[in-house]
Amino acid sequence: MSAMAAASGVGGEVGSPELARSLRRAESRRRWTAISLTLPLLVFLLVTLLVPIAALLMRAVENPEVARSLPLTGTALSGWDRKAEPPAAAFAAIAKDLAGLEEGSQAGALARRLNSEVPGGRSLIMGTYRAATGDWKSLPAATDAELRERMLALDARWAELKYWHAIAKNASRWTPDYLLTSVDLKRSVDGGIERVADDQRVFGRILMRTFEISAIVMLACLLLGYPLAYWLSTLPARQANVLMILVLVPFWTSILVRVAAWIVLLQREGLVNKALMSLSIVAEPVALLFNRTGVIISMTHILLPFMILPLYSVMKSVPPTYLRAAVSLGSAPLAAFFRVYVPQTWAGVGAGGLLVFILSIGYYVTPALLGGPDDQMLSYYIAQYTNVDVNWGMACALGAVLLSATLVLYAVYRRFAKAELSLG
Amino acid sequence: MNTFKLAASVAAMLALPAFAQSQLTVVNFGGANANAQKKAYYEPFEKTGTKVISVEYNGEQAKVKAMVEAKKVTWDVVELESPDVGRGCDEGLFEKLDYSKIGSKADFAPAAAVHECGIGIFVWSTVMAYNGDKLKEAPKTWADFWDTKKFPGKRAMRKGARYNVEFALMADGVKPEDVYKVLSTPAGADRAFKKLGELKANIQWWEAGAQPPQFLVAGDVVMATAYNGRIDAAAREGKNLKISWVNQIYDLEYYGIVKGTPNRDAAYKYLAFALGAGPQGEYAKNIAYGPTNTKALAKLDAKTLGNLPTAAANMKGGLEFNIKFWADQGEALEKRFASWSTQ
């Protein structure tokens with residue numbers, strides 16, 4: 001940097017345009033080298049992180065099924081008041097749209113979409129699709145009213161308005177429905193937003209539960225990790241390194257192995273219960289598995305290193321002389337610890353706490369294997385929608401909720417951490 | 001140079017079988033059931049010259065969907081649960097089967113075994129199971145399963161709405177033939193969840209089919225809903241686990257051919273082989289699931305037959321799992337279950 005400044009100073013004095021040019025060239029070369037060195041990382045981030053996240057957010061609001069498969073119906077329903085039965089032209093439009101679908105998979109996607117809106121939509125659509133592409137092909141051309149009669153004769157549910165509402169509502173290419181559902185809201189028939197019925201209200205509770213479990217795990221990690229990290233930081237380097245390996249070995253073990261080990265330890269006839277019973281602490285085996293207790297115990301164990309490592313690195317940088325100075329100035333040792341030492345480790349507490357909390361809210365395998373249905377976190381339902389229901393719009397919307405929760409937390413931490421970091 | 005030669009010869013050895021014989025990827029659910037399929041289907045079929053690559057999955061149709069959509073199909077024959085055959089068929093994930101290449105439709109029972117996009121390979125069921133060492137008196141009905149005074153202790157049930165809402169209604173006195181009629185009304189669904197609520201505090205939930213026999217053996221629970229084959233497998237290992245067949249819910253497991261597979265001909269040959277009377281009978285000897293090829297029944301002894309869900313005595317009061325109902329109502333009921341479990 002200084003060489004460049006000196007050179008440009010010389011160039012300025014001499015005023016030779018050639019020198020200035022060659023300097024500019026050298027500078028731009030350097031800039032391009034710097035850019036090309038960071039380029040692989042930028043491309044990597046773009047391809048593996050930003051593009052998938054953008055695709056995920058897109059899928060959470062995309063709604064192509066009805067718009068693509070029922071174009072005529074969308075037009076026919078555009079003037080419908082949504083209170084009385086739709087015009088016969090709408091019935092005819094559905095019959096024509098379904099008959100015109102080129103491949104079955106499109107009808108299947110449409111049926112799936114409408115079924116997740118109104119249970120029963122799947123069989124209604126598939127039944128009508130089979131008739132429209134089968135038997136009805138050989139019938140003579142019919143008027144709109146006749147097509148309506150034909151559809152009602154095939155399936156009387158076509159007289160029910162809820163199916164028509166679902167079609168009309170989803171006729172546009174984009175929808176807020178998945179995102180609304182992921183926070184227990186829905187669009188009502190007249191376009192307003194309302195809460196869903198109580199027995200379908202679920203994701204708000206699950207999100208709260210996710211936060212609750214994460215907070216408990218974070219606190220447990222802090223309570224267990226803080227004294228350990230403190231002790232490690234006061235030990236001579238050789239001993240501290242050996243003990244650090246004990247912290248890290250489980251950290252390097254596969255998560256499934258650790259979860260399986262906890263099942264062995266915590267089950268009814270397991271080691272923990274046997275020990276408790278032989279010490280006469282409990283008379284009957286305690287239920288430690290397939291409930292909240294098991295989930296929290298094993299998540300705390302798995303996430304503990306993420307708390308210990310940042311704490312340890314911050315504590316190593318706190319000079320022990322401060323504590324000694326406080327004590328020699330007359331402070332009680334415990335008071336000195338809490339008033340002099342602990343405030344200097346806030347950065348580690350914040351980093352460790354945030355790390356553990358953010359990792360916790362995405363937990364999936366551990367609660368799935370060690371918890372009951374009441375202990376499943378948001379990721380479990382994302383997996384359910386991805387794999388079992390194959391409702392990827394819903395899965396992406398829940399993913400978006402999880403992502404925004406993480407970002408909000410991180411923003412809060414940044415505000416909070418800035419003030420703390422300025423101390424050091 | 002030596003390293004290069006070695007690498008080249010290893011590569012040649014790996015590549016050779018692929019050239020010498022064709023291969024077929026068959027996807028299964030793992031566990032005792034996959035072992036029975038390997039013994040009865042894969043190994044004898046390999047003698048005909050096609051290598052079978054066995055892949056395990058857990059029923060995730062998302063994988064099949066991703067494969068078909070990307071037109072990069074690496075799975076050929078997939079074992080499927082019944083709801084997935086119907087949904088996958090609607091969405092074009094599986095080939096429409098040409099039965100002339102498999103066998104005579106008349107040989108297969110029950111009627112649902114012959115599906116447009118899949119062929120039923122065995123009948124399995126979800127039953128009430130208990131540990132014969134722990135319970136002096138056998139539970140006889142689903143009302144007994146709910147009766148925590150007469151049979152104190154926990155019960156294991158599958159995490160989710162499926163099967164549990166049906167069992168709850170039968171425990172509440174609904175006749176098996178009326179279960180789906182009642183369940184399709186909002187009041188019926190309320191009734192099922194209310195009945196499940198009575199037992200909620202005493203339920204230990206299971207996720208994988210291997211868990212209920214473990215819970216029963218470990219004494220965690222006194223009764224469980226379980227897949228009959230898993231209980232039978234544990235009984236073969238000498239555990240005193242018993243099945244109460246009353247009001248079992250039976251269902252079919254299918255083979256489907258993934259749409260767009262390059263090995264379609266080999267897949268048809270495999271289906272024709274596996275659904276023959278010989279392999280079907282051999283399969284039922286290895287695990288207590290009922291063959292769909294009725295001709296296979298003649299090859300089984302009375303003891304094996306008595307353990308199958310399809311035995312006449314076991315079928316009495318049995319309920320056929322209603323694919324159509326679950327295809328329509330499944331997502332809503334599972335969501336309601338999630339909501340119910342948080343309350």
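Start with the aromatic rings: over all chains, this predicted model holds 37 aromatic pairs. Select B:Tyr57 and B:Trp75 to see one of them, an edge-to-face pair with 5.5 Å from centre to centre and 80° between the planes. Now colour by secondary structure. B:Tyr57 sits in the loop between β2 (51-56) and α3 (61-69) of chain B, while B:Trp75 is in the loop between α3 and β3 (77-81), so the pair links distant parts of the chain, 18 residues apart. Both B:Tyr57 and B:Trp75 are buried.

Next, select B:Trp205 and B:Phe337. Their ring centres are 5.3 Å apart and the planes meet at 80°, so this pair is edge-to-face. B:Trp205 belongs to strand β6 (residues 203-206) of chain B and B:Phe337 to helix α15 (residues 323-342), so the pair ties together parts that are 132 residues apart in sequence. Are these two residues buried or exposed? B:Trp205 has 8% relative accessibility and B:Phe337 has a relative accessible area of 4%; both count as buried because the cut-off is under 20%.

Select B:Lys200 with B:Trp340, and you will find the charged end of the lysine over the ring, 4.5 Å from its centre. Then try B:Arg155, which lies over the face of B:Phe145 at 5.9 Å from the ring centre.

Now show both chains and turn to where they meet. On chain B, 32 residues are in contact with 43 residues of chain A. Together the two chains bury about 3400 Å², with 49% of that on carbon and sulfur atoms.

Between chain B and chain A the count is three salt bridges, along with 13 residue pairs in polar contact, both residues being at pLDDT 80 or more.

To finish, highlight α3, α4 (82-90), β6, α9 (211-218) and α15 of chain B, the elements that give two or more residues to the side touching chain A. Helix α15 of chain B gives the most to that side, with 13 residues.

Note on methods. Residues numbered from 1 in each chain as written. Chains lettered and ligands numbered in written order. Predicted model: local features only at pLDDT ≥ 70, side-chain atom pairs only at ≥ 80, totals over all residues. Heavy atoms only, no water. Phe/Tyr/Trp six-rings, centres within 6.5 Å; stacked < 30°, edge-to-face > 60°. Helix = DSSP H or I, 4+ residues; strand = E, 2+ residues; numbered from the N terminus. Buried < 20%, exposed > 50% of the residue type's maximum accessible area, 1.4 Å probe, protein only. Lys NZ or Arg CZ within 6 Å of the ring centre and 35° of its normal. Contact = heavy atoms within 4.5 Å. Buried area = accessible area lost by both parts, 1.4 Å probe. Salt bridge = Lys/Arg side-chain N within 4 Å of Asp/Glu carboxyl O. Polar contact = N/O pair within 3.5 Å; in protein donor to acceptor, adjacent residues only side chain to side chain.
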